[in-house]
Amino acid sequence: MEHARGCRVRIIDNLEAARALFAPALASARDERLYIAHLDEAQRLIGLRIRFSTGAAKVELPVRCIVTDAVSLGSACLILAHNHPSGDPRPSATDIEATRSLARVARTIGIAIRDHLIFGGDLVVSFRQCGLL
């Protein structure tokens, strides 16, 4: 799909589109990274934010920063993605609680968390598919 000015518009409306967006950067990353895709009402990508781990094996889920970005961009929904360099894509208890906390805060201002993907090499786990969102 093309934007009026000739720029390519990226629609992220299903798991495969989200996986294709994040996999090139996360599948083989050796440090933990968090990506936040900001989407408008039509599921068009309007912003992409990246956070790198400050330690060897952990990246923070900065709720305040994420919500501030979402408000400034006019996001209707977000898709989160991060990697586990260990290769095990199973969400930790911390991953689950942090994601649910963000979802609660975002929901109060009308922003939905569509999914949170965790990559472990070529494997990916979707919070939505696992019933965690």
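A salt bridge is a side-chain nitrogen of Lys or Arg within 4 Å of a carboxyl oxygen of Asp or Glu. The views below show a predicted model, and by this rule the count of salt bridges in the model comes to five.

**View 1. A salt bridge joins R49 and D69.** The closest N and O atoms of R49 and D69 are 3.3 Å apart, and the two residues form a salt bridge. R49 belongs to strand β2 (residues 45-52) and D69 to helix α2 (residues 63-73), so the pair ties together parts that are 20 residues apart in sequence. R49 is partly exposed, with a relative accessible area of 30%. D69 is partly exposed as well, and its relative accessible area is 23%.

**View 2. R44 and D40 meet in a salt bridge.** The N to O distance between these two side chains is 2.6 Å. D40 is buried, because its relative accessible area of 8% falls under 20%. R44, at 35% relative accessibility, counts as partly exposed.

**View 3. D31 and R33 meet in a salt bridge.** The side chains of D31 and R33 come together at 2.9 Å, N to O. D31 has a relative accessibility of 25% and counts as partly exposed.

**View 4. Strands β4 and β5 form a hairpin.** Strand β4 (residues 112-120) pairs with strand β5 (residues 123-126) in the antiparallel sense, over four bridges. Two residues stand between the strands, and G121 takes a positive phi near 65°.

**View 5. D122 sits in the loop between β4 and β5.** D122 is exposed, because its relative accessible area of 66% is over 50%. When its neighbours within four places in sequence are left aside, D122 is in contact with R19 and A27. The C-alpha atoms of D122 and L80 are separated by 17 Å, and these residues are 42 residues apart along the chain.

**View 6. The largest nonpolar core has 14 residues.** The residues with the most contacts inside this core are I12, F22 and I79. Two or more core residues come from each of the elements α1 (15-26), β1 (33-39), β3 (77-83) and β4. Helix α1 provides the largest share, five residues. Beyond its neighbours within four places in sequence, I12 is in contact with A17, A18, L21, L39, Q43, L45, I79 and R114. Another core, of 13 residues, lies apart from the largest one, and I66, V67, L80 and A103 are among its members. In soluble globular proteins, nonpolar side chains tend to be buried together.

**View 7. H84 lies in the loop between β3 and α3 (93-108).** H84 is buried, with a relative accessible area of 12%. The side chain of H84 reaches the backbone oxygen of D88 at 2.8 Å. Not counting residues up to four places away in sequence, H84 touches E32, P89, R90, P91, S92, D95, I118, F119 and G120.

Technical notes. Residues numbered from 1 in each chain as written. Predicted model: local features only at pLDDT ≥ 70, side-chain atom pairs only at ≥ 80, totals over all residues. Heavy atoms only, no water. Pairing = 2+ DSSP bridges. Buried < 20%, exposed > 50% of the residue type's maximum accessible area, 1.4 Å probe, protein only. Contact = heavy atoms within 4.5 Å. Core = buried A, V, L, I, M, F, W, Y, C linked by side-chain atoms within 4.5 Å. Polar contact = N/O pair within 3.5 Å; in protein donor to acceptor, adjacent residues only side chain to side chain.
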